Amino acid sequence: MVPHAKSGFWRGLAPYLLSSILLISAYMHVGAVKVAASSLAVIGIPIHFVASLPSMTLAAMQGRLTTTEQLRRQFEFLREQNLILRARLQRFEFLENENNRLRELLQAAPQAVEKVTLAQLVAVNPELGSLTVLVNKGSADDVYIGQPVIDAGGIVGQVTKSSLFTSKISLITEESQAVPVQVVRSGVRAILYGGGKNRTLRVMYLDRNVDIQPDDVLVSSGLGEIYPPGYPVAVVTAVERNIAESFMNIEARPMSHLGRDREVLLLWPTQLKASDHDSDAMVEEKSE
Amino acid sequence: MIQVDSASRRPWIPFLTLLAALILLVLPMQELPGGFVPDWVSLVLIYWALAFPVRMGVPIAWVTGLIVDIITLGIPGAHAFTKSVIVYITGSLALRIRAFPVWQQSVVVFLLLTLELASLVIIGGLTGEAITGMHRWTAVVVGALVWPLVYHVLRRSRHSSNLRGS
């Protein structure tokens with residue numbers, strides 16, 4: 001019983017390594033392989049389904065276990081909230097109309113209404129220990145890479161991978177993610193970086209004397225052209241001004257629920273037209 | 001050890017445990033602090049490569065790795081590559097590693113998982129999908145620490161299913 005007596009390195013391992021490398025390079029350079037891989041991802045659906053069973057049964061049990069009284073109270077609460085939100089929406093519609101009229105006066109293209117789709121979270125953790133969530137909409141639903149994702153609180157993240165029926169969303173708290181933001185109160189522009197799991201977001205490279213303070217709301221600025229402008233992203237929690245350093249240490253807390261809800265919204269922002277760019281962006285494009 | 005008949009009663013047990021490991025891999029663990037979820041699939045593959053170096057060899061590791069790549073929407077071939085490598089090493093040294101006490105096996109597992117993550121980082125760097133964060137490395141340590149548990153659970157499953165041979 002001698003293992004690998006017949007099949008040494010050249011017959012036992014090398015062919016597999018070679019085929020892996022071929023597969024990886026084919027995936028990198030041949031479009032058809034990418035499409036095939038994203039279609040093959042359907043084999044993951046039963047595995048994801050089984051993995052999501054515990055949390056699904058837990059959620060179902062919670063629904064069963066609530067008493068009529070609790071349900072009635074919840075219903076009352078939701079009805080009240082609906083009323084408040086509707087009242088706010090009326091004002092919003094009025095403002096949107098006014099905004100479009102003013103834009104017409106300025107001869108700028110009116111901002112069309114964005115397309116939105118509700119996607120359900122497949123309650124799984126697609127990559128080991130990473131800050132990504134999986135949703136049940138994929139390239140078959142026109143999901144594209146770099147698509148912004150929001151929930152009731154604000155921006156959740158962006159789509160970083162999509163297969164035919166599922167796509168992977170990287171949360172804004174991930175270390176590799178950055179969101180261009182603007183302070184609502186003062187209009188200061190900055191970039192918000194993810195801090196990793198269980199860590200806060202950081203605003204980096206802001207000069208010591210810039211106007212920013214705790215409880216400031218950061219909304220997306222629309223620069224970078226991934227996230228549409230105006231969506232809430234985070235609240236500043238701590239600002240540390242250090243005389244010895246030229247930049248401030250600023251920490252922020254995300255406003256969205258970061259995939260803890262069962263649903264998220266996928267946004268299809270309307271394409272920015274040349275007339276929508278402000279002059280700064282034009283200058284940047286030319287200088288490149 | 002004379003075994004005329006190596007056919008076992010339930011030869012599908014290894015595959016069932018691999019499927020369970022795949023499910024554990026994608027199980028939602030949002031509540032746990034980052035980096036406390038080891039790569040169950042690698043651990044299970046290492047166990048079966050130790051138990052049956054020939055039957056549970058590189059081909060099965062390759063296919064399992066490819067399934068991991070596909071269901072996690074990763075680069076197809078990356079995990080297939082790394083899992084083939086660690087299973088090949090485990091299989092070649094199986095007779096020696098099997099003689100170790102469990103804690104020494106943990107050290108071997110630690111080295112194997114480190115090798116796997118290092119190659120994943122290199123592949124990620126070459127393909128532009130860099131692996132970020134320290135939590136992947138703590139997962140390696142956790143993987144080595146839970147090895148005794150994996151070992152005992154899988155050995156029980158193997159004995160209860162009466163699997164023998166290589």
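Two strands are said to pair if DSSP finds at least two bridges between them, and helices (H or I, at least four residues) and strands (E, at least two) are themselves DSSP runs, numbered from the N terminus. The structure described here is a predicted model, in which local features need pLDDT of at least 70 and side-chain atom pairs count only at pLDDT 80 or more, while totals for chains, interfaces and linings use all residues. Residues are numbered from 1 along each chain as its sequence is written, and chains are lettered from A and ligands numbered from 1 in the order in which they are written.

Strand β1 (residues 115–122) of chain A is joined to the antiparallel strand β2 (residues 132–135) of chain A by 2 bridges, and A:Val122 has A:Leu134 as its bridge partner in β2(A).

The loop between β9 (217–220) and β10 (232–240) of chain A holds A:Pro228. Is this residue, A:Pro228, buried or partly exposed? A:Pro228 counts as partly exposed because it has 18 C-beta neighbours inside 10 Å; a residue is buried if 20 or more other C-beta atoms lie within 10 Å of its own, exposed if 12 or fewer, and partly exposed in between, with C-beta atoms placed from the backbone. Not counting residues up to four places away in sequence, A:Pro228 touches A:Glu114, A:Pro148, A:Ser220, A:Gly222, A:Leu267 and A:Pro269, where contact requires the C-beta atoms of two residues, placed from the backbone, to lie within 7 Å.

Chain A is divided into domain 1 (13–64) and domain 2 (114–269), with bounds that come from an automatic or database domain assignment. The C-alpha centres of domain 1 and domain 2 of chain A lie 25 Å apart, and their contact takes 9 residues from domain 1 and 10 residues from domain 2.

Chain B, by comparison, has 7 helices and 0 strands. Of its 166 residues, 48% count as buried, and residues 24 or more positions apart account for 70% of the contacts in chain B with a separation of 6 or more.

The largest nonpolar core has 59 residues, of which B:Val41, B:Val44, B:Leu45, B:Ile46, B:Tyr47, B:Trp48 and B:Ala49 touch the most other members; such a core is a set of buried Ala, Val, Leu, Ile, Met, Phe, Trp, Tyr and Cys residues joined through C-beta atoms within 7 Å. Elements that give two or more residues to this core include α2 (14–29) of chain A and α2 (40–51) of chain B, and α2(B) contributes its largest share, 11 residues. Apart from this core lies another, of 39 residues, among them A:Val133, A:Val143, A:Ile150 and A:Met255.
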